[in-house]
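Good morning, and thank you for coming.

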Amino acid sequence: MFLALRELAFARGRFSLMGLVIGLIAILMVLLSGLSSGLVNDGVSGLKSLPVSAFAFDEGTKTDNAFSRSVVDTDQLAAWRGQPDVAEAELMGTSIMNAVTDDGQQVDLTMFGVEPDGFLAPEPADGDALDRPAGIVVSESLRGEGIDVGTVITLDRINTELEVVGFTEGQATFGHVDIAYLPLATWQLIAAGQAPDGEAPTDAHLATLDFDQASVIALQGAEGSELAAGSAEAFAAGDTAATTTTLSLEESFNASPGYQAETMTLSMIQVFLYAIGALVVGAFFTVWTIQRGHELAVLRAMGASAGYLLRDGLAQASILLVSFTALGVAAGVGLGSLMPEGMPFALEAQPIAVASALTILLGLVGAAVAVLRVTRIEPISALGGNR
Amino acid sequence: MSTTVDHHREPAQDRSAPGPAGILGLHLRDVTLEVGDGGERVRALDRVDLSVTPGEFVAVIGPSGAGKSSLLAVAGALATPTSGVVEVLGQDLAGLRGQGQLAAFRRRHLGFVFQSGNLVPALTAADQLRLARRIAHRGGRSRSFDPAPLLEAVDMGHRAGHRPGQLSGGERQRVGIARALVNEPSLLLVDEPTAALDRRRSQDIVALLARQCHQRGIAGVMVTHDHDVLDHCDRVVEMVDGRLVDHRSVTLRP
Ligand SMILES: Nc1ncnc2c1ncn2[C@@H]1O[C@H](COP(=O)(O)OP(=O)(O)O)[C@@H](O)[C@H]1O
Ligand SMILES: [Mg+2]
């Protein structure tokens with residue numbers, strides 16, 4: 001470290017330039033990570049907050065958009081309920097609808113039809129739970145858009161009226177669309193095309209309904225079971241019995257609109273960013289080591305072990321990487337907190353920590369490859385002229 | 001370390017016998033060094049014999065390509081001779097295995113002075129000496145090391161905080177000499193120390209080198225082109241085509 005620190009101070013111009021690049025990469029990385037987390041939240045926060053281990057889709061449903069495509073019925077539900085390790089199984093309806101509020105504002109809603117007394121029912125942070133056929137509990141994120149408890153929402157085309165009775169705790173969105181929880185029976189009424197035109201559905205409407213279909217079966221595994229852990233083998237028996245295709249909660253994210261494409265694009269950008277970072281740091285230290293070639297040969301001739309010079313070079317790279325990555329992350333977090341409301345952006349400690357560690361680690365790998373040159377320097381080349 | 005007895009070995013060829021001038025200092029016996037790869041091999045050193053005793057400062061002169069640098073390399077554990085014996089401080093260098101042991105031997109027992117100092121640009125004069133101390137693996141002892149006395153010894157006490165860029169050629173060379181002395185070497189190897197200096201400074205530098213060798217009992221070998229500085233040397237040897245042709249073993253100083 002003796003030489004490393006003094007050279008950092010001496011060649012501070014050159015090292016600051018390199019540090020600036022590392023810092024900018026770190027800023028970009030924080031912003032990408034924020035965007036990534038934001039998009040994930042926007043895409044699947046509604047699923048993440050459900051106490052669900054897995055979703056069973058009708059067998060053969062295309063994974064893409066499976067939530068709105070799949071159709072399951074009570075027979076399939078019964079088959080799943082008969083499976084061991086299944087603590088809870090319920091039908092759930094999912095569909096995306098357009099609507100207008102009573103003051104004419106247009107909203108898009110993901111309708112999650114759930115049993116009002118079941119394990120999927122939302123616990124509203126504000127207002128009431130699902131307690132009547134026309135009552136809906138909507139995502140907290142809609143509150144800013146002029147929607148409040150008591151707001152009446154009219155579904156487009158069928159003109160059925162629903163009333164906001166409560167808000168979820170925190171954002172609940174699915175495929176970037178805010179979620180409205182409603183009683184499964186009301187969801188089925190709408191799906192069956194029997195929802196009343198121009199008025200709110202009532203118990204009387206539900207009484208006449210003869211329709212047992214929904215979109216998916218939400219499963220909760222018994223505590224500690226394979227099923228709860230999301231193991232594919234644990235799904236096999238139930239899938240055969242119920243003719244379903246079951247995906248763990250994590251896997252089911254891919255079945256929500258656009259999720260896979262977005263996360264893949266972002267991870268690809270991140271991978272490229274890491275690679276660029278490692279290459280740039282590697283190139284810098286290669287040039288730096290070559291520039292110091294004669295000086296290093298002199299030190300080797302004086303008897304410095306290759307290990308000593310290697311450790312020194314790596315210490316130098318670590319100091320540079322850690323300090324400027326930290327600065328970059330701080331700047332990135334600062335910039336991120338200035339992001340406008342409504343942009344899918346979420347700063348989360350864990351992905352940022354992982355990304356910072358990766359930036360530093362891969363940068364160190366790049367530097368190590370460059371610094372390894374010191375082991376190939378011939379001490380004998382210290383003799384003779386100043387090449 | 002072999003316990004088997006080699007019956008074919010003649011006593012006269014025993015490579016580990018002490019040199020004629022005693023155990024300390026530098027002894028090259030019948031040293032040949034071939035360089036170059038494969039087909040075109042050049043004899044950089046051709047059956048060279050040379051002994052330098054502790055406290056003696058010897059100059060090596062000769063035309064370019066004569067093998068002077070090769071001599072320093074072989075004596076300085078930087079190159080392994082093709083044949084012959086190199087002994088420093090009673091140690092046969094052939095007994096050192098691998099780059100690691102050679103480097104350890106260099107940092108413990110040898111001092112190098114290079115052309116125009118070859119200092120580390122980032123370090124102040126005092127730090128040049130501290131780095132040399134650290135390189136010699138002296139852990140705690142390297143931290144308590146005080147470079148001031150050595151810098152004083154080369155008249156550089158007033159430049160302790162200056163970097164090479166702020167020093168003149170002669171001053172750089174003085175710091176380089178102090179750096180070579182940090183780890184109390186037994187053998188000092190000096191490569192063209194006056195190549196970049198004017199006449200008066202050259203005299204000062206070589207006089208300083210000779211004085212340090214005499215005072216500290218160091219065996220010194222200096223390669224030089226500069227015939228004006230030979231007066232300061234105890235002995236001058238000349239190389240031509242890899243051979244020591246002229247042992248002008250004039251003792252210039254008692
Ligand atoms: N690495 C090498 N490869 C090929 N030839 C070399 C090498 N090093 C030295 N030589 C040759 O060995 C001879 C002696 O070189 P050197 O010891 O550098 O001489 P001097 O220092 O007296 O100029 C020269 O002919 C030189 O060309
Ligand atoms: Mg030479």
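Let me begin with a definition: helices (H or I, at least four residues) and strands (E, at least two) are DSSP runs, numbered from the N terminus. This is a predicted model, in which local features need pLDDT of at least 70, side-chain atom pairs count only at pLDDT 80 or more, and totals for chains, interfaces and linings use all residues. Residues are numbered from 1 along each chain as its sequence is written, chains are lettered from A and ligands numbered from 1 in the order in which they are written, and side-chain values use heavy atoms, with hydrogens and water left out.

Rolling a probe the size of a water molecule over the atoms shows where empty space is left. On a 1 Å grid over the protein atoms alone, a cavity is a set of points where a 1.4 Å probe fits but cannot get out, while a pocket is an open set with protein on both sides within 12 Å along at least five of seven lines; lining residues have an atom within 4 Å of a point. Grid points are joined across faces, edges and corners, and a volume is the space filled by probe spheres set on the points.

The largest pocket holds about 460 Å³ of space. It is lined by 18 residues, and D42(A), Q171(A), E341(A), G342(A) and M343(A) are the closest to its centre. Helix α2 (residues 12-48) of chain A gives the largest share of this lining, three residues.

How many cavities of 30 Å³ or more does the structure hold? There are three. The largest cavity has a volume of about 90 Å³, and its lining includes M302(A) together with R106(B), R107(B) and F112(B). Strand β6(B) supplies the largest share of that lining, three residues.

I turn now to chain B, which has seven helices and ten strands. Of its 254 residues, 53% count as buried, where buried means under 20% relative accessible area, exposed over 50%, and partly exposed in between (1.4 Å probe, protein chains only).

Helix α7 (residues 199-216) of chain B has 18 residues and reaches 26 Å from its first C-alpha to its last. Among the buried residues of α7(B) are I205(B), V206(B), L208(B) and L209(B). The elements that cover the buried residues of α7(B) include β3, β6 and α6 of chain B. After α7(B) comes G217(B), with a positive phi near 65°.

Notes
Expected span 1.5 Å × (residues − 1). Contact = heavy atoms within 4.5 Å.
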